[in-house]
Amino acid sequence: MKNITSSFMKTTKLFSLMSIMALTVLTSCVNDDDYSIPNVGDAQEPNISATTTISIVKSMYDSSTDAIVDFDEQGTDLVLEGYVISNDEAGNFYKTLIIQDEPENPVAGIQIDIDDPTLYDLYKPGRKVYVKLNGLGMENQNGVLHIGTINGTSVERIPAVTYTDYIIRSTEVAEIVPKVITPGAYTDANLNLLVQIDDMQLRSEEVGLPYANADDTYTVNRYLKNCGDDSQIIIRNSGFAAFKSQLFPTGRGTVTAVFSKYNSDYQLFIRDTDDVAFDGERCDPLFEEFFETGFTTWTAYNVIGSQVWIPNSYGNPGYCAAMSGFSGGNHENEDWLISPAIDLTGVTEAILNFQTAKNYNGNLLEVYMATNYSGGDPNTDGDWTPLSATLSAGSWSWTDSGDIDVSAAAGGNLFIAFKYTSTTSASSTWEVDNVKVFVP
């Protein structure tokens, strides 16, 4: 009996060890990068159905009152469905889940704030989810609607210990096809949708910079320019992103991103660097200036008055050059802002384009070109030819100058000057941005 019992115990231990090894192998096979923790709920479709849509939910917000939407006051059993398009794995999204209503040709998207920095463990892009809205609220934060828990007069992140009670995973994982948009579609209708914008490149004066700050955790705005219409849009990169130190691609191509907004500025958020496919040739003009670094290469020449040209942050977008003769009252001024020499060697035609914004009464801004300026008083240095341009009519309305022919300088150097004047009775404010010279 003693030998039989010992044999039985050995057999039992061996069987248990083999069972544990088999379970370990099976667990390893299931625990791929889409399942950090095995979830029994993934084995079958949850017993839940949508009772509303993202579009209907967004329409519950009344912009005239800006009041928080309490979903418990909107109806019972409010459930919406959508497909995940965000991904916080690379760190450019933080405690945020963004879903849209369809995997292809979406109409509406919404942001859900969750107090968990690793949502990619359960909610990778393409995962269909159901969102139980009862017990939650929605508010507008800086131009974008957010869903979360109501805490007094604000909406906050859904706690990490309870959010899976509200966000229910479907077994469906769809391929998300980005919505192709053009700069003309930078509108609220595309907020929180995964979009694709073609023919884009990093703005020239930011070439050679990384995605964000390599040395700190501050978020950085980079600017992308469209080669078709020269428009710009912000691409916002977190200082916590894993790719923050990587150099931004210098070429031209397609960007895929979640379309968002901060107040009046539209923004793009990429999931990772695979969303930036800039491997084509750049479309840089002969010269362009956005005044993001001030007047490092320009000459600000003061002829009369104490006021001078300055860079300010109210550009289109970002910084611009600004001048006003008002300081506690109107003052007489004459101030020139003159470009560096623009090399037109090897070209036979050239076009100037810029944008202006203006407010208050006063003299019109004057625009000139020359080929022989050497850095002194422009009233005696250089032969300046006046140029006809479309200028802002006021109310800070940014206005395109139209294409101005500066081919008279082709083959040599071109200087562009903006001349500001004011009097003791009238001093308008003028802003200049996005100066560009190109071959037509």
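Leaving out neighbours within four places in sequence, Ser-170 is in contact with Glu-45, Pro-46, Arg-127, Lys-128, Val-129 and Tyr-130, where contact means heavy atoms within 4.5 Å. The model is predicted, so local features need pLDDT of at least 70 and side-chain atom pairs count only at pLDDT 80 or more, while totals for chains, interfaces and linings use all residues. Residues are numbered from 1 along each chain as its sequence is written, and side-chain values use heavy atoms, with hydrogens and water left out.

**Ser-170**

- Ser-170 lies in strand β9 (residues 167-173); strands (E, at least two residues) are DSSP runs numbered from the N terminus.
- Ser-170 is buried, with a relative accessible area of 1%. Buried means under 20% relative accessible area, exposed over 50%, and partly exposed in between, with a 1.4 Å probe and protein chains only.
- The side chains of Ser-170 and Glu-45 make a polar contact at 2.9 Å. A polar contact is a pair of N or O atoms within 3.5 Å; within protein, one must be able to donate a hydrogen and the other to accept it, and residues adjacent in sequence count only if both atoms are side-chain atoms.
- The C-alpha atoms of Ser-170 and Glu-366 are separated by 63 Å, and the two residues are 196 residues apart along the chain.

**Asn-333**

- Asn-333 lies in strand β21 (residues 333-338) and is buried, with a relative accessible area of 3%.
- A polar atom of the Asn-333 side chain lies 3.3 Å from the backbone oxygen of His-331.
- Not counting residues up to four places away in sequence, Asn-333 touches residues including Ile-304, Met-323, Tyr-420 and Ser-422.

**Salt bridges**

- The count comes to 12 salt bridges, a salt bridge being a side-chain nitrogen of Lys or Arg within 4 Å of a carboxyl oxygen of Asp or Glu.
- Arg-252 and Asp-199 form a salt bridge through their side chains (2.6 Å, N to O). Arg-252 is in strand β14 (residues 252-262) and Asp-199 is in strand β11 (residues 194-202), so the pair ties together parts that are 53 residues apart in sequence.
- Arg-252 is partly exposed at 27% relative accessible area, and Asp-199 is partly exposed at 27% relative accessibility.
- Asp-230 forms a salt bridge with Lys-436, with the closest N and O atoms 3.1 Å apart. This pair links distant parts of the chain, 206 residues apart: Asp-230 is in the loop between β12 (220-226) and β13 (232-237), and Lys-436 is in strand β29 (residues 429-438).
- Asp-230 is partly exposed at 21% relative accessibility, whereas Lys-436 is buried at 13%.
- Arg-271 and Asp-275 also meet in a salt bridge (2.7 Å, N to O). Arg-271 is buried at 13% relative accessibility, and Asp-275 is buried with a relative accessible area of 7%.
- Salt bridges that share partners join Lys-225, Asp-230, Glu-288 and Lys-436 into one network.

**Cavity**

- A search of the whole structure finds 1 cavity of 30 Å³ or more. On a 1 Å grid over the protein atoms alone, a cavity is a set of points where a 1.4 Å probe fits but cannot get out, and lining residues have an atom within 4 Å of a point.
- The largest cavity has a volume of about 40 Å³, a volume being the space filled by probe spheres set on the points.
- Ser-86, Asn-87, Asp-88, Thr-96, Leu-97, Leu-119, Tyr-120 and Tyr-123 line the largest cavity.
- The lining of the largest cavity has 4 nonpolar, 3 polar and 1 charged residues. Ala, Val, Leu, Ile, Met, Phe, Trp, Tyr, Cys and Pro count as nonpolar, Asp, Glu, Lys and Arg as charged, and the others, Gly among them, as polar.

Key. Helices (H or I, at least four residues) and strands (E, at least two) are DSSP runs, numbered from the N terminus. On a 1 Å grid over the protein atoms alone, a cavity is a set of points where a 1.4 Å probe fits but cannot get out, and a pocket is an open set with protein on both sides within 12 Å along at least five of seven lines; lining residues have an atom within 4 Å of a point.
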